Amino acid sequence: MWKYIRKYLSFAIIAGLFMVGEVMMDLVQPGFMSRIVDDGVLGVSNGAALICV
């Protein structure tokens, strides 16, 4: 059985690493979205100044 597992072990490790990367990006994405809203829509970074065009 080890011969069969050893043949695909590298693929299993790579799949696990990609899954960890996917989960990390899923956890970071809400922070990105909140920063976009805070900076772009609410104007927190520029003192909440209302810009009229």
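Buried residues account for 2% of the 53 residues in the protein chain. The model is predicted. The secondary structure of the chain consists of 1 helix and 0 strands. Its accessible surface is about 5,100 Å², with 73% of that belonging to carbon and sulfur atoms.

| Property of the protein chain | Value |
|---|---|
| Buried residues | 2% of 53 residues |
| Secondary structure | 1 helix, 0 strands |
| Accessible surface | about 5,100 Å² |
| Share of carbon and sulfur atoms in the accessible surface | 73% |

Helix H1 covers residues 2-41, which is 40 residues. At 1.5 Å a residue, H1 should span 58 Å, and its end C-alpha atoms lie 57 Å apart, so the two values agree. H1 also bends by about 50° at Tyr8.

Tyr8 belongs to a nonpolar patch on the surface, together with Met1, Trp2, Tyr4, Ile5, Leu9, Phe11, Ile13 and Leu17. The accessible area of these residues together is about 1,100 Å².

Tyr4, one of the patch residues, is found in helix H1. Tyr4 counts as exposed because its relative accessibility is 57%, and the cut-off for exposed is over 50%.

Key: Residues numbered from 1 in each chain as written. Predicted model: local features only at pLDDT ≥ 70, side-chain atom pairs only at ≥ 80, totals over all residues. Heavy atoms only, no water. Helix = DSSP H or I, 4+ residues; strand = E, 2+ residues; numbered from the N terminus. Expected span 1.5 Å × (residues − 1). Bend = angle between axes of the 7 residues up to and from the residue. Patch = residues over 30% accessible without salt bridge, like charges linked within 9 Å, V, L, I, M, F, W, Y side chains within 5 Å. Areas by Shrake-Rupley, 256 points an atom, 1.4 Å probe, with all protein chains shown as cover. Salt bridge = Lys/Arg side-chain N within 4 Å of Asp/Glu carboxyl O. Buried < 20%, exposed > 50% of the residue type's maximum accessible area, 1.4 Å probe, protein only.
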